[in-house]
Amino acid sequence: MSVISGASEGDRGARGMERVAARPYARVALDIPIAPWFDYRVPDELIGTLGPRDWVLVPWGRGRRVGLVLSVGAAPELPEEKIRAIERRFATAPRPDAAWLALVEFAARYYHRHPGEVALPALPRLLRTPPVARARGCPFERARARFRAANAGRAPGAAEPAELLSGAALPIPAEMELNADQQRALDALLATEGFAVHLLHGITGSGKTEVYLRWIARILARDEHAQALMLVPEIALTPQLARQVAQRFPGAGVAVLHSGLGEAERSAGWVAAADGCARLVIGTRLAVLVPMPRLAAIVVDEEHDPSFRQQEGVHYSARDLAVAAASIRGIPVVLGSATPALESWHSAQRGRYRALSLPLRATGAVLPTLRIVSSRGETGPAGLTEVAREAIERVLQRGEQALVFINRRGFAPVLSCPSCGWLSQCGECSAYRVLHYAGAHRPGAGAAGTGRGGSRYRLQCHHCGGASPVPRACPECGDVDLQPLGAGTQRIEQELATVFPGARIARLDRDVASRRGAAERVLASVHAGEVDIVVGTQMLAKGHDFQRLVVVIVVDADAGLYAPDFRAPERLFATLMQVSGRAGRAAPEAGTDPDGGATPARGEVIVQTRFPEHPLFAALQAHDFTGFADALLAERREAGLPPFRHLALLRAEAASIEEALDFLAAAKAQSGAASRGSEQIRVFDPVPMPLARVKGRARAQLLVESPSRGALHPFVDAWLARLGGIVTRVRWQLEIDPIEI
Ligand code: ADP
Ligand code: ZN
Ligand code: ZN
């Protein structure tokens, strides 16, 4: 509990005790990078009630900030007249439990940032934006009222959220019969007491979701207060899952948390989770930092997914924090995937994680056959080889569905001038501006010669967002015949319409999904069989259980095959495995032989590549994740890469590349003193980043590597302290366990 009086701080000098006894102070964490906490005076009316983990409003500069009380009672080192008073305590805000603060403090230490930089950005914006006036009331109370209203009547007789929570142990819903592998996995989970990490490796369609939900149901039934957290990668995925879960757990006060929600809705979910009213929270990476006082189980679905990495502020891995949270709370966590991250795979091999496996499709469907088709020769419209075109034709004849996968949105990745070689370079970034079609799609409208069409097209940079009209003529030579090079989802969609007139075609990518509800509509129409061919990016690849889908075409598997990042093959394999897994998921029709081997695969996947002999494809064709992962791990061990080494990456951004590189050179010069010559720390030379310029700013990076976390983290602490002393205009940031280098 809070220590208001200085009396318990036995080792302080008498003067300090007097000061503290006379005037309590609070250490308040704010989302401000300059210090781990800020000292404030506790006003008289809050003495005795203010405690650690209270949310407060404090003056900061000329404005105010929402902050989190870390402790009360410590005597500040500042002169007293400089210390301002806490303005207000949000009295009805949920006070998170100590385990949550321990997680925040762990994350701050691990990522070498301050607790406020972890805790406050995780608070929904409405709750961390200072209310303008007291008259506007308490934002936490408003959020609570909203959740209450939304859930009213869900649980019979539950008027108050507290009743939702404590009404009774939740009944276990009626369920289909698990297969033997699912049952074995569930039994292993249920047998776990205390902290354990389970790695559930289940092929696509093996029924992982069923295992998660059943495990959660048992845990919520066992303890009437228990809460569970399920992390999922994509916002586009949650509607289907959220509906499924809401049906399954009526009265559980399911809170869904992702950044696509309105602020009011997010705040309501956050408060419900923190109050303990929401028994089950489903969310994207942000949800890992939501306080859940009675958290008893965590699931991380598609644990390998890069979207679990936070990209702004503190670059945390939600998967890694989920494991940390489980460890702090002494509860089990399940990481599930068809293609686990090599880090997780390696941990399972070493016995740190417990391996569970679902090697068969739950519905009895057989994994699709996979063909690797060379696209070295001519491809036709929509980038399709003859083989792919025929496969789609067969699907259309039989009234089934096809998925055409291309991981590039827009019409074409670049616009070019065939006479002089001009390319649509972005003025601000070292990247091309992508040609986008701005109008509604009209089948048969024709795609070539797009530059002249003028206004319906525009150029857009995917890095800085900069957009420009398509020039009427080449800016270099005046030629009017500008040509799009390559294809993105829009061009494929248009060209498919000309190749397969009459087919019903839908598209799903980030551009479509940016319109509210649009992704959900597209997915619903695919599920309803109102679409024959669906074109899209990896948004289509993840988790969807399309029952009518039989053929998957990967238009171009080559991006990523020879990319500079050492994780590129791992990621490509995961993506291809995932998208392939959408094919032929439905149960075999009655009359076919249900017992494994003899049943022919219904699904067919065609992967087009210019490098069909690449070993990655052989592993993919054999559905052999294990063999592929083991080969990659052997390579990583040889090359001294994660998970055998640990990395930290210092990134710098400046007006010129020289300035950025100079700063990193100065940083490197400080590293010897910080490592005190330790052989465990290896600091590489500064280099420009692969994308060397974004928004007109030059970017460079410096990699640090160590075989030991025990050596790396103290080094980073000492090094950061020295970097703080370098006077520079360069903006820099250090990332631990970078996922892209
Ligand atoms: P995963 O998440 O492993 O890709 P899903 O959880 O989406 O797989 O399950 C795939 C399909 O199998 C779903 O349609 C699901 O309803 C079905 N399913 C799961 N478990 C069983 C089971 N024991 N018997 C029959 N069908 C099942
Ligand atoms: Zn030209
Ligand atoms: Zn740009």
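## Zinc ion (ligand 3)

Donors are the N, O and S atoms within 2.8 Å of the metal. In this predicted model, the donors of the zinc ion (ligand 3) are spaced along the chain as C-x2-C-x31-C-x2-C. Within this set, Cys-429 belongs to the loop between strand S15 (414-416) and strand S16 (434-437), while Cys-464 belongs to the loop between strand S17 (457-460) and strand S18 (467-469). The pair is 35 residues apart and links distant parts of the chain.

The protein donors are the SG atoms of Cys-426, Cys-429, Cys-461 and Cys-464, which lie 2.3 to 2.4 Å from the zinc ion (ligand 3). The site is tetrahedral, with angles of 105 to 117° among its four donor atoms. Cys-429 has a relative accessible area of 0% and is therefore buried.

## Zinc ion (ligand 2)

The zinc ion (ligand 2) is coordinated at 2.2 to 2.3 Å by the SG atoms of Cys-417, Cys-420, Cys-474 and Cys-477. Along the chain, these donors follow the spacing C-x2-C-x53-C-x2-C. The angles among the four donor atoms run from 103 to 115°, and the site is tetrahedral.

Cys-474 is buried, at 4% relative accessibility, whereas Cys-477 is partly exposed, at 40%.

## Ser-678 and Phe-715

Ser-678 is located in the loop between helix H21 (657-675) and strand S25 (682-683). With a relative accessible area of 25%, Ser-678 is partly exposed. Ser-678 and Phe-715 are 37 residues apart along the chain, and their C-alpha atoms are separated by 9.1 Å.

Notes:
Residues are numbered from 1 along each chain as its sequence is written. Chains are lettered from A and ligands numbered from 1 in the order in which they are written. This is a predicted model: local features need pLDDT of at least 70, side-chain atom pairs count only at pLDDT 80 or more; totals for chains, interfaces and linings use all residues. Side-chain values use heavy atoms; hydrogens and water are left out. Donors are N, O and S atoms within 2.8 Å of the metal (3.2 Å for Na, K and Ca); water is not among the atoms, so sites may look incomplete. Four donors count as tetrahedral if all angles lie between 85 and 135 degrees; four count as square planar and six as octahedral if opposite donors are over 155 degrees apart and all others between 65 and 115; anything else is irregular. Helices (H or I, at least four residues) and strands (E, at least two) are DSSP runs, numbered from the N terminus. Buried means under 20% relative accessible area, exposed over 50%, partly exposed in between (1.4 Å probe, protein chains only).
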